[in-house]
Amino acid sequence: MARITASVYTSHVPAIGVAMDLGKTGEPYWQPLFSGYEKSRQWMKDNTPDVIFLVYNDHATAFSLEIIPTFAIGCGAVFKPADEGWGRRPVPVVRGHPELAAHIAQSVIQDDFDLTIVNRMEVDHGLTVPLSLMFGQTEAWPCAVIPFAVNVVQYPVPSGRRCYNLGRAIRRAVESFDRPLKVQVWGTGGMSHQLQGPRAGLINREWDTAFLDRLIADPESLAQMPHIDYVREAGSEGIELVMWLIARGAMGDAAGPGTPRVAHRFYHVPASNTAVGHLILENT
Amino acid sequence: MARITASVYTSHVPAIGVAMDLGKTGEPYWQPLFSGYEKSRQWMKDNTPDVIFLVYNDHATAFSLEIIPTFAIGCGAVFKPADEGWGRRPVPVVRGHPELAAHIAQSVIQDDFDLTIVNRMEVDHGLTVPLSLMFGQTEAWPCAVIPFAVNVVQYPVPSGRRCYNLGRAIRRAVESFDRPLKVQVWGTGGMSHQLQGPRAGLINREWDTAFLDRLIADPESLAQMPHIDYVREAGSEGIELVMWLIARGAMGDAAGPGTPRVAHRFYHVPASNTAVGHLILENT
Amino acid sequence: MALEKPYKDVPGTTIFDAEQSRLGYWLNQFCVSLMKPENRARFKANERAYLDEWAMTEEQKQAVMARDLNRCIALGGNIYFLARIGATDGKTYQQMAGSMTGMSEEEYRDMMLRGGRSIEGNRHFGENGDAQPHRQPQGKAGRVVRGEEA
Amino acid sequence: MALEKPYKDVPGTTIFDAEQSRLGYWLNQFCVSLMKPENRARFKANERAYLDEWAMTEEQKQAVMARDLNRCIALGGNIYFLARIGATDGKTYQQMAGSMTGMSEEEYRDMMLRGGRSIEGNRHFGENGDAQPHRQPQGKAGRVVRGEEA
Ligand SMILES: [Fe+3]
Ligand SMILES: [Fe+3]
């Protein structure tokens, strides 16, 4: 059977992609950030999964205001990186895993999650920047990726509790797939940042640190945190962090005791407007 | 505050729309069917709501295989009748109710239903045929309509239980809207029919009758019926009947005791390939 | 896949699940294109050329050209999508549905007027209802094939 | 609407809810159109003419032409949509975000390098943080306006 081996959490700041695409990763501004991902790239080499279930949010790219799915699962075979206005990122196309994606969709819809199935969409920096951070520049991503887009743009966005429970349902779904695949679940976005209004540039290191601590040790209670706390304390775009709870809910201990092993933890301010947080948790 | 005054249930066979559009309603084939809706049209005149929350399924019209929402709520101001291949039906455009729709969306998403918000889509016979049946030919529909599209085309479709609980959430949402609107919830589709394969033309009058009985008197247990029972007993397209449970869940008694009053009940075979069922339930 | 598919045991019936949908993706998307009048016109003018614009299998193209809806469904088509082909041909849902039974248009219409196909014998494979594989095609055509009628 | 909106009490912050979305529908859809290079070119060639193709209010058009992102947001814009305008101008997210504070590009960048804007005083209206209405615009521009600096 398939199994979830680990979860990865990372910010997905567009400027990080730009820095990599323009070869600026060694510059003083960027070097401290990328050095925090050196260990992660080695870890990815040692722990390449067959499939990444990549939770991210679309930033008004694939979904305009015509249609806004709360949860959309990519069941297609390929997903092209989008032109977000600055031209397409020079990164490989994303290969999907239609069989596993369809299986997960079927399982979690029967489990009362009202997914939208998407067979064709372009993917933006929310999905490609985490891949770039974890794999570096490459001709082809080394594994399949199932894009899972969460609406965190137009309110109401799904609650942390809903996201956490969805993660648990995804775990059950993966574990009932009858092929021996190693699957990682990634949660992306955050940490504290605000891109709008006179409060733009907000960073809350103390809050972010507590979020990482609780995500590791006490995700169940963290999942109860209301939206307003994210917005007030971590900035309007800090709400993206609810997506990390999907990945966390998919870890083994969410279904029982046993805190996962912290393989890596990193935090850095700033990347453009944003506090960058990063965790790798392994199921033990 | 807004309140749900009644629910209406009806099949939405495309041939019924064609018969009306071509002026064939008096022909011997169609007369018995339309006479069953005479009482309904009078009832609609006496009980015109401000808004109809119209649950239907899109038949590969607004949603192709590119994107398949489990539940999609129409929050736009207008919805044009679609050309389903035979040309557009000569019926009025549908006026939405963006404020109430957005309010319901916000409320039920916070209540753990993962809706897709749609601001722009065309509506097919699933939505326009029930309006034609209940209002007859008219220059303009006499009230606003919120289209609510349910995926019953690609499996897995939502369970009856999920639909019923969604109806309850919709009731809570409507009752928390602070304008004195009268709202009806309509459930459409069904009853027994199969449009495909060597089993096409299946009708199961006995099963349909029991479904109507249980929908009125014991919806809670009816909502537990698994998909396979619909498919096996009522034909592959009989699965549309799960949508009736959304309307039924929105009635007062789903939140407590008090069976609604049956204002009208009608059943007729055939309309094209389909058994036509129809109910009007009033909250007492 | 470990999820159960109890609906595989219903005779004469194909459930459009994710597997079928994947199989029929381009067949169905071709059908969607027929919602535009200009595409219907182009398809009618040269079916083969129009079909060749789509990433469909040769089998799927042949099934479309033969208007063999049962075959289209076996190859991943869904009736609501396939109905666009019928609409392009000016056919009704009743004509399309009837065509999958082997009955003539009149035979199918009369069956519906008599109250439709009975559920008896048609719930599970292995029963003896008229939708079972050993009783296809239905109607006079079938009786002739099986030598029950001249 | 009877649903609570606790997020109305966060200074310098507009939450993009259904109400804002309805207000800004065409403004945001105009922004979406800028994802196509040919539309970016047409917009750049004649902003007014391109904007007039959209069902936007005159106020929204003026705010776009002035690149006044705070005003665009007040009129229903969302930053992820509005970012298409910035992209068309070759601006980064940092430049766009900074422009809404009144700070110069350098002032904003330096604030970020020092660890970003502090949360203290910026949680609720009525506190005294730098995002509060009475402290706008920020940076040197604001100090000059308020007579604190020449
Ligand atoms: Fe983001
Ligand atoms: Fe239908």
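## Chain C: two helices crossing

α2(C) crosses α7(C) in a left-handed way, where left-handed means that the near helix is turned anticlockwise from the far one by less than a right angle, and right-handed that it is turned clockwise. Keep in mind that this is a predicted model, in which local features need pLDDT of at least 70, side-chain atom pairs count only at pLDDT 80 or more, and totals for chains, interfaces and linings use all residues. Residues are numbered from 1 along each chain as its sequence is written, chains are lettered from A and ligands numbered from 1 in the order in which they are written, and side-chain values use heavy atoms, with hydrogens and water left out.

To find the pair, select residues 25-33 of chain C for α2 and residues 79-88 for α7; their axes are 8 Å apart and the packing angle is about 45°. (Axes are lines fitted to C-alpha atoms, for helices over the stretch in contact, and angles run from 0 to 180 degrees between N-to-C directions.) That angle makes α2(C) oblique to α7(C); under 35 degrees would count as roughly parallel, over 145 as roughly antiparallel, 65 to 115 as roughly perpendicular, and the rest is oblique.

Now show side chains. From α2(C), C:L27, C:N28, C:Q29, C:F30, C:C31 and C:V32 meet C:F81, C:L82, C:R84 and C:I85 of α7(C), contact being heavy atoms within 4.5 Å. These contact residues split into seven nonpolar, two polar and one charged. (Ala, Val, Leu, Ile, Met, Phe, Trp, Tyr, Cys and Pro count as nonpolar, Asp, Glu, Lys and Arg as charged, and the others, Gly among them, as polar.)

Zoom out to the whole of chain C: ten helices and zero strands, taking helices (H or I, at least four residues) and strands (E, at least two) as DSSP runs numbered from the N terminus. The C-alpha trace spans about 45 × 45 × 25 Å along its principal axes. Colour chain C by pLDDT, the predictor's confidence in each residue, from 0 to 100: the average is 95, and 98% of the residues score at least 70. For the model, ipTM is 0.94 and pTM is 0.96.

Most residues other than glycine have a negative phi, and most peptide bonds are trans. Select C:Q136 and C:P137 and you'll see a cis peptide bond, omega about -15°. C:P137 sits in the loop between α9 (105-113) and α10 (139-145) of chain C.

Hop to chain B for another cis bond, joining B:Y155 and B:P156 with omega about 0°. Here the loop holding B:P156 runs between β8 (144-150) and α6 (160-175).

In chain A, pick A:D112: not a glycine, yet its phi is positive, about 75°.

## Chain A: another crossing

Select residues 98-110 (α4) and 160-175 (α6) of chain A; the axes come within 9 Å and cross at roughly 125°. α4(A) and α6(A) are therefore oblique to each other, and their crossing is right-handed. A:H103, A:I104, A:S107 and A:V108 meet A:A169, A:I170, A:A173 and A:V174; that contact has six nonpolar residues, two polar and no charged.

Which residues of chain B lose the most area to chain D? Show B:H103, B:Q106 and B:N119, together 40% of what that side buries. Overall, twelve residues of chain B touch eight of chain D. The two chains bury about 910 Å² between them, 60% of it on carbon and sulfur atoms, buried area being the accessible area (1.4 Å probe) that two parts lose on being put together, summed over both.
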